[in-house]
Amino acid sequence: MARRPFRQERSGATAAAAVLTGGDEGGLTARDRALAAWARKIVADPNSTTPAHVATLRSAGLDDRAIFEATAFVAFRFAFSTVNDALGANPDWQLVDTAPPEVRSAVTYRRPPQTAPGDTPPR
């Protein structure tokens, strides 16, 4: 059975919002909870990671390659966000338009999203 896109999965959106806000992650697997904690650790203070944190990821079922890939993804995404923030870029309207309501309400963009073509910008 093919997996539906994320934006159509109501429970996926609720879980994503919980991860973004640090809320109840009870609906997540142990693997997903470990990855969410790892991502938060990397973004908050990457120099504070320890071998024990990596061991937690391994015990949740991730191998070295998966740990590296998750770490690189979070670091690249954080770097990309930092560049956008430094340049004052507004979020793409497509991103905001396609995100589930639960995710939109959990994210603080700091700047208003771009307006869709043909929309009148807010005054």
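**Figure 1. Contacts across the chain of the predicted model.** Of the contacts in the protein chain between residues at least 6 apart in sequence, 41% join residues at least 24 apart. The model is predicted, and its secondary structure comprises 6 helices and 0 strands. From the N terminus on, the order of elements is α-α-α-α-α-α. Buried residues account for 23% of the 123 residues in the protein chain.

**Figure 2. Packing of helix α2 with helix α4.** Helix α2 spans residues 30-44 and helix α4 spans residues 64-87; the two pack at an angle of about 45 degrees, and their axes lie 10 Å apart. The crossing of α2 and α4 is right-handed.

**Figure 3. Residues at the contact of α2 and α4.** Helix α2 contributes L35, W38, A39, I42 and V43 to the contact, while helix α4 contributes I67, A70, T71, V74 and F78. Classified by side chain, the contact of α2 with α4 contains 9 nonpolar residues, 1 polar residue and no charged residues.

**Figure 4. Confidence along the protein chain.** The mean pLDDT of the protein chain is 83, and 86% of the residues score at least 70. Confidence is highest in helix α3 (residues 51-59), with a mean of 97, and lowest in helix α1 (residues 10-21), with a mean of 75.

**Figure 5. The segment of residues 1-10.** Over residues 1-10, pLDDT stays under 50. For this segment, the model has 11 contacts beyond four places in sequence.

Methods. Residues are numbered from 1 along each chain as its sequence is written. This is a predicted model: local features need pLDDT of at least 70, side-chain atom pairs count only at pLDDT 80 or more; totals for chains, interfaces and linings use all residues. Side-chain values use heavy atoms; hydrogens and water are left out. Axes are lines fitted to C-alpha atoms, for helices over the stretch in contact, and angles run from 0 to 180 degrees between N-to-C directions. Helices (H or I, at least four residues) and strands (E, at least two) are DSSP runs, numbered from the N terminus. A crossing is left-handed if the near helix is turned anticlockwise from the far one by less than a right angle, and right-handed if clockwise. Contact means heavy atoms within 4.5 Å. Ala, Val, Leu, Ile, Met, Phe, Trp, Tyr, Cys and Pro count as nonpolar, Asp, Glu, Lys and Arg as charged, and the others, Gly among them, as polar. pLDDT is the predictor's confidence in each residue, from 0 to 100. Buried means under 20% relative accessible area, exposed over 50%, partly exposed in between (1.4 Å probe, protein chains only).
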